[in-house]
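Okay, thanks for making the time, everyone. Have a look at the slide, and then I'll talk you through it.

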Amino acid sequence: MMRVTARTFRNLVTRSALTVAVTIAGGLAAAQEVKPVSPDLTPKLRDLLRKEMLSIEGASKDILSALIAGDDARVAELAQQIHDSFILQQSMTPEDREDLMSAVPEDFVSRDQAFHELSATLSKAAREGDRAQQHAEFGRMVEACTACHALYATDRFPDLAE
Ligand code: HEC
């Protein structure tokens with residue numbers, strides 16, 4: 001039998017606190033509107049979003065090829081490209097921006113920002129030649145793609161719908 005030491009007890013407490021936090025966060029996300037965002041976008045924004053998605057998908061595939069070849073410089077370049085692209089942001093007029101903000105939930109915007117930050121972290125890990133961290137960050141990126149699609153792009157990816 002496991003002896004309940006002070007440390008295991010602390011672990012248990014931390015873990016239950018985490019569970020509670022995750023449950024609350026889950027509840028909050030559910031309270032926000034979780035549905036495909038595309039139908040609510042203006043045709044211009046929808047077009048920009050799709051272009052951005054296709055370009056980051058292309059870059060992500062190339063990152064995989066560079067990762068399995070140990071080409072740190074190429075990974076750094078591609079990840080930086082994803083980070084800097086922000087096609088959506090760069091091609092938006094202030095009016096488009098207003099349209100976007102009124103069409104998508106805040107959670108969508110923060111997921112997009114978090115995703116772009118991840119690509120910057122991946123680029124940094126590649127510049128530093130840290131392979132283990134590159135693999136971890138790339139994994140997190142794939143999770144970020146899928147998580148956002150499962151919430152906001154189930155019209156395009158119905159297999160991700162729960
Ligand atoms: C913040 C949310 C979000 C993140 C993060 C995200 N996507 Fe998307 N993605 C969307 C939405 C919304 C659509 C649906 C666009 C539409 O159908 O108009 C989409 C659509 C796509 C499409 C289909 C484009 C098309 O022309 O039909 C591809 C491919 C794609 N995403 C790839 C990716 C990849 C690869 C990643 C991660 C490296 C990623 N996405 C991360 C929200 C996101």
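Two bits of housekeeping. This is a predicted model, where local features need pLDDT of at least 70 and side-chain atom pairs count only at pLDDT 80 or more, while totals for chains, interfaces and linings use all residues. Residues are numbered from 1 along each chain as its sequence is written.

So, what is the protein built from? It has seven helices and zero strands. Helices here are DSSP runs of H or I with at least four residues, strands are E runs of at least two, and both are numbered from the N terminus. Going along the sequence, you read the pattern α-α-α-α-α-α-α.

How much of it is buried? Of the 162 residues, 15% count as buried. A residue is buried if 20 or more other C-beta atoms lie within 10 Å of its own, exposed if 12 or fewer, and partly exposed in between, with C-beta atoms placed from the backbone. What about contacts? Two residues are in contact if their C-beta atoms, again placed from the backbone, lie within 7 Å. Taking contacts between residues at least 6 apart in sequence, 65% join residues at least 24 apart.

Now the helix pairs. First up, H2 and helix H3, which is residues 72–85: their axes come within 9 Å and cross at roughly 165 degrees. That makes H2 roughly antiparallel to H3. For the record, axes are lines fitted to C-alpha atoms, for helices over the stretch in contact, and angles run from 0 to 180 degrees between N-to-C directions. Angles under 35 degrees count as roughly parallel, over 145 as roughly antiparallel, 65 to 115 as roughly perpendicular, and the rest as oblique.

The crossing of H2 and H3 is left-handed. That word applies if the near helix is turned anticlockwise from the far one by less than a right angle, and clockwise would be right-handed. Who makes this contact? From H2, the residues include Glu52, Ile56, Ala59 and Ile63, and from H3 they include Arg74, Leu78 and Ile82. Sorted by class, this contact has nine nonpolar, three polar and three charged residues. Ala, Val, Leu, Ile, Met, Phe, Trp, Tyr, Cys and Pro count as nonpolar, Asp, Glu, Lys and Arg as charged, and the others, Gly among them, as polar.

H2 also pairs with H7. Here the axes come within 12 Å and cross at roughly 155 degrees, so H2 and H7 are roughly antiparallel to each other. H2 passes H7 in a left-handed crossing. On the H2 side we have Ser60, Ile63 and Leu67, and they meet Gln134, His135, Phe138 and Met141 of H7. Those residues split into four nonpolar, three polar and no charged.

Then there's H6 with H7, whose axes come within 9 Å and cross at roughly 165 degrees. H6 and H7 are therefore roughly antiparallel, and this crossing is left-handed. Among the residues making the contact are Phe108, Phe115 and Leu122 of H6, plus Phe138, Met141 and Cys148 of H7. The classes here come to twelve nonpolar, four polar and three charged.

On to the ligand. Which residues are closest to it? There are 22 residues around the ligand, and the closest are Ser38, Met53, Cys145, Cys148 and Ala153. Being near means that the residue's C-beta atom, placed from the backbone, lies within 6 Å. Helix H2 (43–68), helix H6 (106–127) and helix H7 (131–152) each supply at least two residues of that shell, and H2 gives the most, with eight. The shell has 13 nonpolar, three polar and six charged residues.

Leucine 48 is in helix H2. Why does leucine 48 count as buried? Because 20 other C-beta atoms lie within 10 Å. Its C-alpha is 7.8 Å from that of serine 91, 43 residues away along the chain.

Leucine 151 is in helix H7, and it's buried, with 22 other C-beta atoms within 10 Å.

Threonine 42 is in the loop between helix H1 (6–31) and H2. Threonine 42 is partly exposed, with 13 other C-beta atoms within 10 Å.
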